[in-house]
There are 2 protein chains.
Amino acid sequence: MKIKGFRFSAVEAAIKKPGRLDLALIQSLTPATTSAVFTTNSVKAAPVLLSRDRVAKGPIRALLVNSGNANACTGKQGMEDALETTRLVARYLEMDEEEVLVASTGVIGVPLPMDRLTVALHPLVNSLADDAGLEVVAQAIMTTDTFPKMGSRQGTAEGKPYTIAGVAKGSGMIMPNMATMLAFVFTDAAVELEWLEQIFGSGCDLSFNAITVDGDTSTNDTALIMANGAAGNEPLGGHSPGGAEFVTLLNELLLSLAHQIVRDGEGATKFVTVTVTGALNDLQAKKGAMAIANSSLVKTAFYGQDANWGRILAAVGYSGVTVDQDQIDLLFDDVLMVKNGIFVGGDAETRGSEVLRRKEFCVTVELKLGMGCATVYTSDLSHDYVSINADYRT
Amino acid sequence: MKIKGFRFSAVEAAIKKPGRLDLALIQSLTPATTSAVFTTNSVKAAPVLLSRDRVAKGPIRALLVNSGNANACTGKQGMEDALETTRLVARYLEMDEEEVLVASTGVIGVPLPMDRLTVALHPLVNSLADDAGLEVVAQAIMTTDTFPKMGSRQGTAEGKPYTIAGVAKGSGMIMPNMATMLAFVFTDAAVELEWLEQIFGSGCDLSFNAITVDGDTSTNDTALIMANGAAGNEPLGGHSPGGAEFVTLLNELLLSLAHQIVRDGEGATKFVTVTVTGALNDLQAKKGAMAIANSSLVKTAFYGQDANWGRILAAVGYSGVTVDQDQIDLLFDDVLMVKNGIFVGGDAETRGSEVLRRKEFCVTVELKLGMGCATVYTSDLSHDYVSINADYRT
């Protein structure tokens, strides 16, 4: 996949096992308006700290990403290594090092293999000219992901066609440590910075911040959008005629990438959409939905295809959300299981179990207290999840 | 086990599978000063709502407990059933129904089998005279617990010997729903109500509120202490000479019961003590320790005997606790793994893995920011946990 004004390349730098791409470079031919959302984890990897500062300062022209090593918990050396890689990229591409971002995912606590990385930079930069397309980036950022995650949308602004395309990597655990979520979105549309930050932030809330596989937040999570304006439109903003379309396309793309991450969740056998409605406000609804989506008891019940509504009510109950237990309704897809806090009986058990046997289903909880609602996406908790995370090094 | 002025009995009421005690009665021969801590879940079972009101009103003379049915999410009928059982007990024992508490654990959303329960009450009351001892209560409250949980301590107040003894049930999931933690402590010491509430509350914080198996909070959790004064001492209070001893013994007993619950956690193969020190305050330390103890990633690593310090740092990081990532130390037992946020290298990996192979070990995280510290107790997350909770009904 090509996006006007961007060039993509990836190589094997021997950071991961042989035979796998693990170093990718994205160049924007013009400085790109860039917005990013980084991990809320207080323990932040060096590339997160560095890129956060640079995104705040101004337009970006290149992004270097490696998998196989997170460059996290690596102290001063880690920051120096991150700086050095951007310095080298800047020299090769003849730009300011401040215009280069870096992202890493993989093993924590191990210094970056700078020798192998620097050797690989030269062929990486050289192959930019061929522009291998976004596909190689999707592959190079995979860790234990079982498939590359990608998507794109086409739109027009003032009659000028543009593309929004993105890649993501998900809940792959990398030995010996943690899941990192990375998502990079590129568009040739011109977009006003302030508005981009606003719509990208809320788009991430509805997508990457609305998914959970195991409730852990990595030190390296990064979601980023670069808009380089190569489409030639006037920069899109809140009052642009094409603004609404751009937001819709962006949100669709982000949600698609987020769903791909859940579907590839470690050991996942189910894709579950959890909606809470009628909460006092949206924030409470999301808190309740996340409590359901993160509960080990609920997720093992999903895995066991057990229409276990009691665990779901309990999760909402302990979430800290205001509820009136005599008003709660609960549905599995369109099967009403609980009405006003009481199991409806009849054939609900049988019909509910049928829903749970589906590969994808919805859980809806109606609190009937206000107008707050939220939807989050989750997987089940399976034997394979335990195997992947317990036995990885044995 | 006997405690002066208390009588215990238990019968089979056919609420659980045949051959298992499932209904227990505790009578105090004199009104007992009673304090209790109930679930913080907003969805509360009828017996929790009823007992909470009655404990607030005054001394208690009897407690009826059933397993096999939680009487939760049962609406008005559930409350009427709970009231009716206490009414019957009160009539048999010739006391006011307000002096009778009730606790339930088991299936959620199914009405109590009142016919079987009321039939069983007569033999249950009759056998009180034999005082079978606390052991039968420990057995009757078991659900999927694999062993009964009990403990006792002996002390003296003004030279008068007294006993504190208690039972608990833990992280047994009962079809089809959730874990309920029940703990009942009985003492023949006389204790001032206000002080009892204070020391029992903080004792529970250090024990039952410092353990986690899967992070879920049940609708039925109840911890309760009854002090009937049969030992003949002047009521113990904050300024009593014997007060400190009583607190020590009580805390020891509560901690012992809490540890038994963790050891019998579903699928548990490890007993892990997690301590966070040097936090800004105790509350932050506990939040950090609980984040570690609840992390599915950390717990699967424990199960896999993987000295995976990165997941632990990440858990502290996302817990919301103030940290300086360049100051954190981490130890597995006495093996320093991370110093000032960086892996110490050398043979730490090997020695850390040796620690993780132990059946019991400590994880210590030193934040070096303040004087706050907290210790919590947890188990690992194993294949059996998933099996127990996923496959229970299949």
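1. Chain A holds eleven helices and 15 strands. Both are DSSP runs numbered from the N terminus: helices are H or I runs of at least four residues, strands are E runs of at least two. This is a predicted model, in which local features need pLDDT of at least 70, side-chain atom pairs count only at pLDDT 80 or more, and totals for chains, interfaces and linings use all residues. Residues are numbered from 1 along each chain as its sequence is written, while chains are lettered from A and ligands numbered from 1 in the order in which they are written.

2. Confidence comes next. The average pLDDT of chain A is 91, and 96% of the residues score at least 70. pLDDT is the predictor's confidence in each residue, from 0 to 100. The model has ipTM 0.72 and pTM 0.81. One stretch needs care: residues 173-178 of chain A stay under 50, though the model gives them 34 contacts beyond four places in sequence. Where pLDDT is low, predicted coordinates should not be read in detail. A contact means that two C-beta atoms, placed from the backbone, lie within 7 Å.

3. Now the overall form. The C-alpha trace of chain A spans about 70 × 55 × 30 Å along its principal axes. Of contacts in chain A between residues at least 6 apart in sequence, 79% join residues at least 24 apart.

4. Buried residues make up 62% of chain A. Buried means 20 or more other C-beta atoms within 10 Å of a residue's own, exposed means 12 or fewer, and partly exposed lies in between; C-beta atoms are placed from the backbone. The largest nonpolar core has 278 residues, of which Val137(A) and Val137(B) touch the most other members. Such a core is a set of buried Ala, Val, Leu, Ile, Met, Phe, Trp, Tyr and Cys residues joined through C-beta atoms within 7 Å. Beyond four places in sequence, Val137(A) touches Phe8(A), Ala10(A), Ala24(A), Ile26(A) and Val167(A).

5. Chain A splits into domain 1 (6-263) and domain 2 (271-378). The bounds come from an automatic or database domain assignment. The domain centres, taken over C-alpha atoms, are 34 Å apart. Eight residues of domain 1 contact eight of domain 2. On the domain 1 side, helix 6 (243-263) and strand 8 (211-212) each supply at least two residues. Helix 6 gives the largest share, four residues.

6. Ala293(A) sits in helix 7 (residues 282-294) of chain A. Ala293(A) is buried because 28 other C-beta atoms lie within 10 Å. Its contacts beyond four places in sequence are Thr212(A), Val274(A), Val376(A) and Thr378(A). Thr378(A) is 85 residues away along the chain, yet the two C-alpha atoms are 5.7 Å apart.

7. Two loop residues deserve a look. Most residues other than glycine have a negative phi. Asn340(A), not a glycine, has a positive phi of about 50 degrees. Asn340(A) lies in the loop between strand 12 (335-339) and strand 13 (342-343). Lys368(A) also is not a glycine, with a positive phi of about 60 degrees. Lys368(A) is in the loop between strand 14 (360-366) and strand 15 (372-378).
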